[in-house]
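Subject: Structure handover

Hello,

Here is the structure I said I would pass on. My notes on what was found follow below it.

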Amino acid sequence: MKKIVLRGGRVVDPAEKINRITDVFIRNGKIEKLGKFSTRGYEEIDVSGLVVAPGFVDIHTHLREPGREDSETILSGATAAAAGGFTSIACMPNTDPPIDSIDAVRFVYDRAKNAPIKVYPIASITKGQNGEELTDMIDCARAGAVAFSEDGKSVANTDLMLNALEYSKMLGVPIISHCEEPSLSKNGVMNEGEVSDLLGLRGIPKAAEEIIVYRDITLSEYVGARLHIAHISTHRSVVAVQEAKKSGAHITSEITPHHLALSDIEVKKFDPNFKVNPPLRDDRELALLRSDLVKGKIDCIATDHAPHAEQDKAVEFSVAPFGMTGLETAIGVIFTEFYHTKRLSLTQIVSLMSTVPASILNLPAGTLKKGAAADITVLDTQKEWTVENFRSKSKNSPFIGRILVGKAVMTISDGKIVYSDGI
Ligand SMILES: [Zn+2]
């Protein structure tokens with residue numbers, strides 16, 4: 001295997017408390033050493049002026065295989081992820097059929113063998129995501145499911161959710177909760193508020209999320225199980241997580257780039273690419289969430305990449321499916337909104353997008369320490385680019401046409417260059 005040295009970049013690895021200009025030596029797919037050493041026998045890549053960080057980890061990706069391979073396959077999603085600087089992604093189980101068995105978990109690993117980066121399956125909490133009977137969680141965990149989630153909805157039956165948390169605790173595999181009380185969100189299509197009133201569209205109240213956040217925190221504390229809250233979208237949910245943490249509960253949360261960059265004002269365009277669940281909230285909530293992130297009250301960033309084929313989104317806003325793509329725009333949005341506005345440092349961004357998400361799902365990722373897999377993202381913080389071309393099979397991005405500043409320009413997985421843009 002090739003020996004590579006990344007020369008002269010700013011190495012940022014929060015796990016090892018490193019933030020300095022130095023060289024990264026890669027050998028046999030692993031990080032060999034960091035520092036100034038002889039480069040004889042190594043392929044030299046000049047990354048001066050760029051940032052070298054542990055590859056990003058997305059713990060909330062939707063790949064559409066099996067079932068809707070026209071929207072995304074495991075391979076196309078992983079390729080899009082590599083272009084966004086991700087080297088590990090965990091995919092949600094709401095495929096058709098869902099990931100709810102040993103065979104389904106193995107299917108994902110099998111398909112991922114040809115992927116440029118690592119893909120980890122998340123298994124569903126209930127069989128068929130029907131909310132009636134628990135998945136064989138022990139078997140799925142043994143087969144390599146890295147988490148359990150009913151994402152797309154909540155487990156409505158509280159007792160069943162309690163049982164799932166008990167298994168989760170026993171197995172040491174976390175539950176990721178999509179928090180939504182369906183009797184409150186009903187047929188809502190956007191955030192409930194002034195804009196939904198103005199547009200005459202049915203709203204989804206913030207309470208629909210918050211009530212399940214409170215419920216699942218209560219259950220998690222009762223059982224003593226770890227719980228991760230998916231795509232948090234209200235300040236009140238963040239406060240609930242903070243309070244639970246203070247009293248010792250093992251709760252973590254994630255937020256998406258779109259909930260940090262966009263508000264429900266966008267829905268005035270009636271463009272289905274702005275339809276997402278949980279919905280884009282109002283400007284006031286957006287400001288609070290941004291401040292929560294900056295203050296360290298939200299643990300990590302996850303994309304909730306949700307690809308949809310063009311014909312599925314090319315319908316009226318009210319009937320379009322929920323979801324937007326995100327793998328290829330995440331770091332550009334975060335750099336533009338938080339780094340260039342001096343609200344987050346490089347160390348904080350790498351921590352939010354690599355170190356912490358890796359630790360939440362216990363993934364072997366998120367660090368450049370000696371001996372770790374050489375999973376690396378090289379970032380150009382100054383690169384201006386327009387969102388227009390995608391490696392994902394789907395193009396339902398709310399950021400199309402936007403100029404972003406900052407981009408992944410090289411991605412290395414197990415010591416192999418799997419993506420390169422101009423290096
Ligand atoms: Zn969800």
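Cys91 is a buried residue, at 3% relative accessibility; buried means under 20% relative accessible area, exposed over 50%, and partly exposed in between, with a 1.4 Å probe and protein chains only. Cys91 is in no disulfide, as the nearest cysteine sulfur belongs to Cys140 and is 13 Å away. A disulfide here is a pair of cysteine sulfur atoms within 2.5 Å, and by this rule there are zero disulfides. Cys300 is likewise in no disulfide, with the sulfur of Cys179 the nearest at 14 Å. Cys300 is buried too, with a relative accessible area of 0%.

Before the rest, some notes on how to read this. The model is predicted, so local features need pLDDT of at least 70 and side-chain atom pairs count only at pLDDT 80 or more, while totals for chains, interfaces and linings use all residues. Residues are numbered from 1 along each chain as its sequence is written, and side-chain values use heavy atoms, with hydrogens and water left out.

Asp151 sits in the loop between strand S9 (148-149) and helix H4 (158-171), and His231 in the loop between strand S13 (227-229) and helix H8 (235-246), so the pair ties together parts that are 80 residues apart in sequence. Helices (H or I, at least four residues) and strands (E, at least two) are DSSP runs, numbered from the N terminus. Asp151 and His231 are both buried.

Pockets and cavities

The search used a 1 Å grid over the protein atoms alone: a cavity is a set of points where a 1.4 Å probe fits but cannot get out, a pocket is an open set with protein on both sides within 12 Å along at least five of seven lines, and lining residues have an atom within 4 Å of a point. Grid points are joined across faces, edges and corners, and a volume is the space filled by probe spheres set on the points.

The largest pocket holds about 390 Å³ of space. It is lined by 21 residues, and the closest to its centre are Asn94, Gly152, His178, Asn277 and Phe322. The lining of the largest pocket has six nonpolar, 10 polar and five charged residues. For these classes, Ala, Val, Leu, Ile, Met, Phe, Trp, Tyr, Cys and Pro count as nonpolar, Asp, Glu, Lys and Arg as charged, and the others, Gly among them, as polar.

The second largest pocket has about 210 Å³ of space. Of its 15 lining residues, Trp385, Asn389, Arg391, Lys407 and Tyr419 lie nearest its centre. Strand S16 (376-386) and strand S17 (403-413) each give at least two residues to this lining. Domain 1 (4-51 + 373-420) and domain 2 (54-360) each contribute at least three residues to it; the domain bounds come from an automatic or database domain assignment.

There are three cavities of 30 Å³ or more in the whole structure. The largest cavity has a volume of about 50 Å³. Its lining includes His178, Cys179, Asn277 and Pro278.

Backbone

Most residues other than glycine have a negative phi, and most peptide bonds are trans. The bond from Asp96 to Pro97 is cis, with omega near 0°, and Pro97 is in the loop between strand S7 (86-91) and helix H2 (102-112). Asn277 and Pro278 are also joined by a cis peptide bond, with omega about -5°. Pro278 is in the loop between helix H9 (257-261) and helix H10 (283-294).

Lys17, although not a glycine, has a positive phi of about 55°. Lys17 is in the loop between strand S1 (4-13) and strand S2 (18-27) and is exposed, at 76% relative accessibility. Lys342 has a positive phi of about 60° and is exposed at 75%.

Regards
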